[in-house]
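I opened this notebook to record what I looked up in one model. The entries follow the order in which I consulted the features.

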Amino acid sequence: MVCSTCLLYVLRRLKIISFTNSDPSVPSDSLFFVPFRILLRTTPLSLAYLLYMLASMESVRGVNIPMYTTLRRTTVVFTMTMEYFLAKQKHTPPIIGSVALIVFGAFVAGARDLSFDARGYAIVFVANITTAVYLATINRIGKSSGLNSFGLMWCNGLVCGPSVLFLTYIQGDLKRAMEFPYLQSPGFQAVLLFSCILAFLLNYTIFWNTILNSALTQSMCGNLKDFFTVGIGWVLFGGLPFDLLNVIGQGLGFLGSGLYAYCKIKGK
């Protein structure tokens, strides 16, 4: 968050980017580059992001990587539900069918999972709910606040950064991080810097895609990404034996994502 906020500050100060849909060369009369009332309006987004981040990081510990991505595919159902309650967004039968196909594929893929952990699975589903709330909030606030993707990221960093810093301090995580033996290692610092840059690019594309399209579309893009994540997880990390049902389930999920993309392109 510090890396992202500092980068956004420099780019905005140099007038390379804008936090709104206006010309970046237009000066801002606000200390935070956006009016304080707009900053307050983005508070629900920051809260949703904190819940999403904490739940997602905790959920990946309870299950193996391939199974984690399989269970996370059910996020599309929660996202569709949140879109209906928050934005009254209704979807056509082909779209609902593609979502159903993805969820069915997820259950097929996990039908023979021998590493079942009730607590781990429960945390993953909590992460799915928080992800759906987070994406739906991005879409709603992004269209009502007048901020673009950079602006939402900026406000999110201003609110969440101090909150996370305080939380890590009182829990002792910050102290343990400072005692990390390789903290001063150039190799570790280089990897950490590149990780922060990738996180910045990932967050930007998530905000941009969700605002431009919809929360459900972003979830579908995540499913397409998971198709490759599962394969890499099998090869590099293991943890899940090869199973035909799992492969069929992954294929159904990929097919459902492709069907959704086709329906959106055709305007259905």
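**Salt bridges**

I first looked up Asp173 and Arg176, whose side chains meet in a salt bridge at 2.3 Å, N to O. I use the term for a side-chain nitrogen of Lys or Arg within 4 Å of a carboxyl oxygen of Asp or Glu. The two residues are 3 apart in helix H9 (residues 173–178), so about one helical turn separates them. Helices here are DSSP runs (H or I, at least four residues), and strands are runs of E of at least two, both numbered from the N terminus.

I note that this is a predicted model, in which local features need pLDDT of at least 70 and side-chain atom pairs count only at pLDDT 80 or more, while totals for chains, interfaces and linings use all residues. Residues are numbered from 1 along each chain as its sequence is written, and side-chain values use heavy atoms, with hydrogens and water left out.

Asp173 is partly exposed, with a relative accessible area of 30%. My classes are buried under 20% relative accessible area, exposed over 50% and partly exposed in between (1.4 Å probe, protein chains only).

How many salt bridges does the structure hold? I find 3. Lys175 and Glu179 form one of them, at 2.5 Å, N to O; Lys175 is exposed, at 55%. Glu58 and Arg119 also pair, their closest N and O atoms being 3.7 Å apart. Glu58 lies in helix H3 (residues 43–59) and Arg119 in helix H7 (residues 118–144), so this pair ties together parts 61 residues apart in sequence. Glu58 is partly exposed at 29%, whereas Arg119 is exposed at 55%.

**Annotated spans**

I consulted the unreviewed UniProt entry, which lists several transmembrane regions, including residues 118–138 and 190–212. UniProt positions follow the numbering used here, feature names are shortened, and annotations may be inferred rather than shown by experiment. Residues 118–138 are 100% helix and 0% strand, with end C-alpha atoms 30 Å apart. Residues 190–212 are likewise 100% helix and 0% strand, with end C-alpha atoms 33 Å apart.

**Nonpolar cores**

Of its 30 residues, Leu8, Phe19, Tyr134, Ile138 and Leu152 touch the most other members. Among the elements giving two or more residues to this core are H3, H7 and helix H8 (149–171). Apart from it lies another core of 10 residues, among them Val76, Met80, Val99 and Cys263.

Technical notes: A nonpolar core is a set of buried Ala, Val, Leu, Ile, Met, Phe, Trp, Tyr and Cys residues joined through side-chain atoms within 4.5 Å.
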